[in-house]
Amino acid sequence: MAPITLYFLQASRSIRIAWVLEELGLDYEVVFADRENGKAPQWMKDQTGGLGKLPALKDGDLMLYESGNITEYLCDTYDKQNKLLPPVGDPKRYAVLHWVHAAEATYALHALAVLYCRWFQKDGDVAKTEEGASVNVQKDLDYLGQVLEMSKGKFLLGEQLTAADCMMEFTADFVFARKLGTQGKSWPRVEQYVKDCQATSTWQKAQKKTGHKL
Ligand SMILES: N[C@@H](CCC(=O)N[C@@H](CS)C(=O)NCC(=O)O)C(=O)O
């Protein structure tokens, strides 16, 4: 039995962790759950504990939550060549961690504000609220596009894929797939970035092994 188990919810941030595991060449088992009424099924929440949100990862006796935290744990524990995350003290580490955190704390936060208008606003002008909430998303995408334009390669920090990309790919894909705040506009450089991430052999393997689809 592989010592690492990834608890994977369909159409979720779980793909980030499958991709990191593939990048690091680690053996892992997947416990897969389809969504029920859009949510994680109770049996999955019972198995993972915590807040009941996915992904979760079990490594030996450790149960880990939060995709950014799991990514950092896997890099610190298994990325001996510092392929995805430079070592403590190297300024490049903080350039990578900038995006690891921004993927959730800025980009996903702003995109979810739009999604929650759609889900939870029962009266008033939903389209107007959504338009207001879209401003942040559009600024985020503009900045992401600028950073990618300045990159010396396909990925955020150049030609070498890092943990920054393993985290940001899903957020950007999710924003475009659900048209969260895009308001009919397009960001060709960011859209190309998502395609380049998904064209890597490791993302493809992660997708095949988990059955991820948005
Ligand atoms: N910040 C957390 C977010 C986890 C989260 O909200 N996961 C969603 C799927 S992307 C989930 O488990 N939803 C199912 C539910 O709420 O039942 C992370 O990065 O892991």
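The model is predicted, so local features need pLDDT of at least 70 and side-chain atom pairs count only at pLDDT 80 or more, while totals for chains, interfaces and linings use all residues. Residues are numbered from 1 along each chain as its sequence is written, and side-chain values use heavy atoms, with hydrogens and water left out.

**The ligand and its surroundings**

- The ligand is surrounded by 14 residues, and the closest are Lys53, Leu54, Glu66, Ser67 and Glu104, where a residue counts if one of its heavy atoms lies within 4 Å of the ligand.
- By class, this shell holds eight charged, four nonpolar and two polar residues; Asp, Glu, Lys and Arg count as charged, Ala, Val, Leu, Ile, Met, Phe, Trp, Tyr, Cys and Pro as nonpolar, and the others, Gly among them, as polar.

- Leu54 takes part through its backbone, with an N or O atom 2.8 Å from a ligand oxygen atom, whereas Glu104 has a polar side-chain atom 2.8 Å from a ligand nitrogen atom.
- On its own the ligand has 520 Å² of accessible area, of which the protein covers 88%, with areas taken from the Shrake-Rupley method with a 1.4 Å probe.

**Backbone geometry**

- Most residues other than glycine have a negative phi, and most peptide bonds are trans.
- Leu54 and Pro55 are joined by a cis peptide bond with omega of about 10°, and Pro55 lies in the loop between helix H2 (42-48) and strand E3 (56-59); helices (H or I, at least four residues) and strands (E, at least two) are DSSP runs, numbered from the N terminus.
- Glu66, although not a glycine, has a positive phi of about 75°, and its place is in the loop between strand E4 (62-65) and helix H3 (67-78).
- Asn82, also not a glycine, has a positive phi of about 55° and lies in the loop between H3 and helix H4 (91-120).

**A domain from the record**

- An unreviewed UniProt entry places the feature "domain: GST C-terminal" at residues 89-214.
- Residues 89-214 are 72% helix and 0% strand, and their end C-alpha atoms lie 37 Å apart.

Technical notes:
A polar contact is a pair of N or O atoms within 3.5 Å; within protein, one must be able to donate a hydrogen and the other to accept it, and residues adjacent in sequence count only if both atoms are side-chain atoms. UniProt positions are given in the numbering used here, feature names are shortened, and annotations may be inferred rather than shown by experiment.
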